[in-house]
Amino acid sequence: MIIKKFQGKTEEEATAKAKEELGLKTVIMNVKEIRPKGILRMFKSSVYEVTAALEEEEAEVIPSKAMMSPLHRHDTVNMVADEKIVVPAPDREAPDFGGMISQIQREKSAETNGLEEKLETLQNLLEKKLVPQENDAKESFLKEDPIKEQASKDEGFVFVKMLYGILLENEVNEKYVNQIMDENEKIMRNGMSVDFVLSNIYQKMILKLGQPKTIELSDKKPKVAFFIGPTGVGKTTTIAKIASKFKVEHGKRVALLTADTYRIAAAEQLRTYANILDTPLTIVYSAEELNEALERVADYDLVLIDTAGFSHRNQEQREEMKKLIDLVDDSYEKEIYLVLSATTKYRDLVEIADIYKEIFDFRMVFTKLDETSCYGNIFNMKMYTGADLSYSTYGQNVPEDIEVFDTQKMVKMLLGGK
């Protein structure tokens, strides 16, 4: 059998070169896209390399140009040094993974074409146990069958391209997608199975999101939690949900304070929740009044403080916010939660986070998850800020529509699962 590699600017050009030299009976065993900075840089100029094979008795080429051994490199072919050339057994037909790659590339030309089928494939895999299995038996099996080794490697690269596209469609920033893929390149080069590749990417993304950090009560009373963020992101409703959880489900004594004196409706909304929960509400008009209000609820377990929503570009209001929080007596254990909407554009989220990072260390609460189908910005903001994730909300119902941020569920959705 003659096995050679040919390169061209397109898959068609490389294939044409192969058939021109080896003849019409040439079998295309594999198609590979080669990028200057690595195989995962999908949107830069690249060349295509096809691996072509021809049974020697059917060869239509000049004997002097034929490869005398499948392991011999032809002088005019630029072959990757660390890539094995696999010789299929005579009684087996080599799988056309080149065709699979071509199909994925054609699908990527349209943003949504074939996405449902991709998602169904991913969903089936995500429903399995996403834990890498022992590889000893697998590696032994592959050593005994080089066809399956090459098939596994090619299948893995096709699958990774699929994941790449799905993460981008879910609005994960391309910078972070490339980081994820680069970290898994070694595994893919080793020809691991699709299940193993998916499992590894899944687990690395969970690690990047980290364990959520929520309000945890201690013997030191009261725990003071501030909720800050832009207007309209749902701070007041989020506070009501958290208060209800601690008061009703955990039997804790909860007090509510609001420093949002810019919007009368906000104070009235919080007062309504306070009356329902039978918990005290205090409106504070200055930083000095805040410590007095805290003294009156010193024996409570938790104090949740609503703050005024304002444009992060308003310097005067930012300074008022900083003064309010900084003047809280050091004897109180305080935490700050930046409330963000999952529907906000990434560029705006970055600008908001940059302003608040200059003032506070915060944890992030994401609201309105029910109003979007793309959750990439949550992953983006975790990567960008390094701040801990905390709670997520997905509706107006109190207290039902809130949960501790579920990293596993979020990664599944980002990878196309449900």
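1. Angles between axes under 35 degrees count as roughly parallel, over 145 as roughly antiparallel, 65 to 115 as roughly perpendicular and the rest as oblique. The axes of α8 and helix α14 (residues 376-385) come within 9 Å and cross at roughly 60°, and α8 and α14 are therefore oblique to each other. Axes are lines fitted to C-alpha atoms, for helices over the stretch in contact, with angles running from 0 to 180 degrees between N-to-C directions. Met 205, Lys 208 and Leu 209 in α8 meet Phe 379, Lys 382 and Met 383 in α14; contact means heavy atoms within 4.5 Å. By class, these residues divide into four nonpolar, no polar and two charged. Ala, Val, Leu, Ile, Met, Phe, Trp, Tyr, Cys and Pro count as nonpolar, Asp, Glu, Lys and Arg as charged, and the others, Gly among them, as polar.

2. On provenance: this is a predicted model, in which local features need pLDDT of at least 70 and side-chain atom pairs count only at pLDDT 80 or more, while totals for chains, interfaces and linings use all residues. Residues are numbered from 1 along each chain as its sequence is written, and side-chain values use heavy atoms, with hydrogens and water left out.

3. The secondary structure of the chain comes to 15 helices and eleven strands; helices (H or I, at least four residues) and strands (E, at least two) are DSSP runs, numbered from the N terminus. Of the 418 residues, 52% count as buried, where buried means under 20% relative accessible area, exposed over 50% and partly exposed in between (1.4 Å probe, protein chains only). Among contacts between residues at least 6 apart in sequence, 76% join residues at least 24 apart.

4. Helix α8 (residues 194-209) also packs on helix α15 (residues 407-414): their axes come within 9 Å and cross at roughly 130°. α8 and α15 are therefore oblique to each other. On the α8 side the contact is made by Tyr 202, Met 205, Ile 206 and Leu 209, and on the α15 side by Thr 407, Gln 408, Met 410, Val 411, Lys 412 and Leu 414. This contact has seven nonpolar, two polar and one charged residues.

5. The largest nonpolar core has 67 residues, and those with the most contacts inside it are Met 205, Phe 226, Leu 290, Phe 366, Met 410 and Leu 415. Its largest share, eight residues, comes from α8. A nonpolar core here is a set of buried Ala, Val, Leu, Ile, Met, Phe, Trp, Tyr and Cys residues joined through side-chain atoms within 4.5 Å. Not counting residues up to four places away in sequence, Met 410 touches Leu 209, Leu 369, Tyr 375, Ile 378 and Phe 405. A second, separate core of 21 residues includes Phe 246, Leu 277, Val 339 and Tyr 391.

6. Met 364 lies in strand β9 (residues 363-367) and counts as buried at 0% relative accessibility. Its C-alpha atom is separated by 7.2 Å from that of Leu 340, 24 residues apart along the chain. Leaving aside neighbours within four places in sequence, the contacts of Met 364 include Leu 338, Leu 340, Met 381 and Tyr 391.

7. Asn 170 is found in the loop between α5 (146-169) and α6 (174-183). At 11% relative accessibility, Asn 170 counts as buried. Beyond its neighbours within four places in sequence, Asn 170 is in contact with residues including Tyr 375, Met 413 and Leu 414.
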